[in-house]
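Colleague: Before we discuss anything, could you put the model up so that we can look at it together and go through its pockets one at a time?

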Amino acid sequence: MLVITDKFMDESGKVKYVTDHLDKAGAKYKVFSDVHPDPDTETVAAGMSVMEEVEADCIIGFGGGSAIDTAKAVRFFWETKLGKPRCRFIVIPTTSGTGSEVSAYAVITDSAKQIKYPLVDERLLPDAAILDASLIVSVPPKVTADTGIDVLTHAIEAFISVKHTDFSDAMAEKAIKLICRNLYTAYKHPDDLTARQYVHDAACMAGIAFSNAGLGLNHAMAHALGAKFHIPHGRANGIVLPYVMSFNAGCSKILTPVAKRYAEIASILNLDTSGTRQSALSMIRDVRGLIDRLGIPTTIRAAGVSKADFDSKLDTLVEEALADNCLKTNPVHVYKEEMYELFRSAYNGKL
């Protein structure tokens with residue numbers, strides 16, 4: 001058995017949540033804790049080496065999105081590239097954000113090329129997930145904010161996706177409600193176990209929604225930003241979310257059918273629904289207000305990226321975002337010049 005986690009979880013003793021049970025059962029296992037933020041191909045290869053060393057028939061991913069994505073990639077390549085027998089896969093998330101415990105997605109970085117590769121395959125789905133809010137209580141407010149906004153982005157993008165269904169809508173709607181009503185409380189009052197559990201549940205529901213419906217432009221841009229400027233994934237999503245929503249709704253030009261979908265979300269949240277345009281704008285303002293209250297930067301500039309650095313990498317940002325698989329399920333086609341305009345707007349703060 002192989003337990004994949006990060007160094008903090010291992011050195012702080014939090015991994016005992018898993019290993020104490022394994023010790024009690026007399027199981028043969030090893031802990032692989034060389035996981036770091038934005039896991040790369042080298043980390044996955046190292047995990048596979050330990051997998052072979054321990055002859056594991058089960059992987060337990062314990063930690064945040066990076067640990068879980070590493071565990072997914074290790075198991076996926078173990079079976080597909082090395083032709084090894086299928087092993088059982090259990091996930092125990094310790095942050096409320098990625099929804100990775102129920103998704104067929106993982107993101108791995110190529111450090112040499114500074115590119116993030118989204119993996120999408122049904123074989124990335126865990127066999128079981130354990131959602132325990134007591135594991136989330138010690139998560140710092142900043143991480144709570146970043147990961148919580150990631151949840152909201154997952155749910156919103158799944159709700160407007162070209163592949164959305166009644167079933168994915170149900171999960172996305174509930175996730176949006178739970179996040180908008182409880183994330184700020186969990187952020188301000190970390191010991192509020194009820195709010196924590198609601199946010200934790202929302203992360204899982206949003207994961208189910210986007211795993212079935214797909215994501216969109218927001219994640220395509222966030223992947224590029226994270227790879228080039230090392231902005232945490234959830235924060236990158238939060239930074240660009242209002243700009244992407246405005247673009248998808250056509251607020252500055254001609255309203256698109258997506259505006260009606262945003263209006264539905266506004267109605268769910270009991271916001272101003274006097275008309276489609278007003279409803280969409282109310283939804284965007286409400287999301288931006290939440291992002292601001294959570295202390296998340298509202299522009300790429302505010303995230304610490306210099307104008308010179310941004311300008312020098314803008315061409316690459318646009319190319320990588322346009323090539324991102326997540327763009328395939330965005331409901332509005334994005335032309336190259338529009339992508340440039342979106343990145344510039346997100347940098348300067350002009351909606």
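Colleague: Let us start with the second largest pocket: how many residues of its lining are nonpolar, polar and charged?

Modeller: This is a predicted model, so what I say describes a prediction. The second largest pocket is lined by 16 residues, and Ser 246, Phe 247, Ser 252, Lys 253 and Glu 341 are those nearest its centre. Sorted by class, its lining holds seven nonpolar, five polar and four charged residues.

Colleague: Which element supplies the largest share of the lining of the second largest pocket?

Modeller: The pocket has a volume of about 340 Å³, and the elements that each supply at least two residues of its lining are H9 and helix H13 (336-348). The largest share amounts to four residues, and it comes from H13.

Colleague: Turning to the largest pocket, which element gives the most to its lining?

Modeller: The largest pocket holds about 1000 Å³ of space, and of the 48 residues that line it, Gly 64, Gly 65, Ser 66, Thr 98 and Thr 147 are the closest to its centre. Among the elements that give two or more residues to this lining are helix H4 (65-80), strand S5 (105-110), strand S6 (115-120) and helix H5 (141-160). The element that gives the most, with six residues, is H5.

Colleague: And how many charged residues does the lining of the largest pocket have?

Modeller: Sorting the lining of the largest pocket by class gives 19 nonpolar and 20 polar residues. The charged residues in that lining number nine.

Colleague: Is Thr 70 buried or exposed?

Modeller: Thr 70 is found in helix H4, and, leaving aside residues up to four places away in sequence, it touches Ile 4, Phe 32, Val 35, Pro 39 and Thr 43. The limit for the buried class is under 20% relative accessible area. Because the relative accessibility of Thr 70 is 0%, this residue counts as buried.

Methods:
Residues numbered from 1 in each chain as written. Predicted model: local features only at pLDDT ≥ 70, side-chain atom pairs only at ≥ 80, totals over all residues. Heavy atoms only, no water. 1 Å grid on protein atoms, 1.4 Å probe; cavity = no way out; pocket = protein on both sides within 12 Å on 5 of 7 lines; lining within 4 Å. Points joined across faces, edges and corners; volume = space filled by probe spheres on them. Nonpolar A, V, L, I, M, F, W, Y, C, P; charged D, E, K, R; others polar. Buried < 20%, exposed > 50% of the residue type's maximum accessible area, 1.4 Å probe, protein only. Contact = heavy atoms within 4.5 Å.
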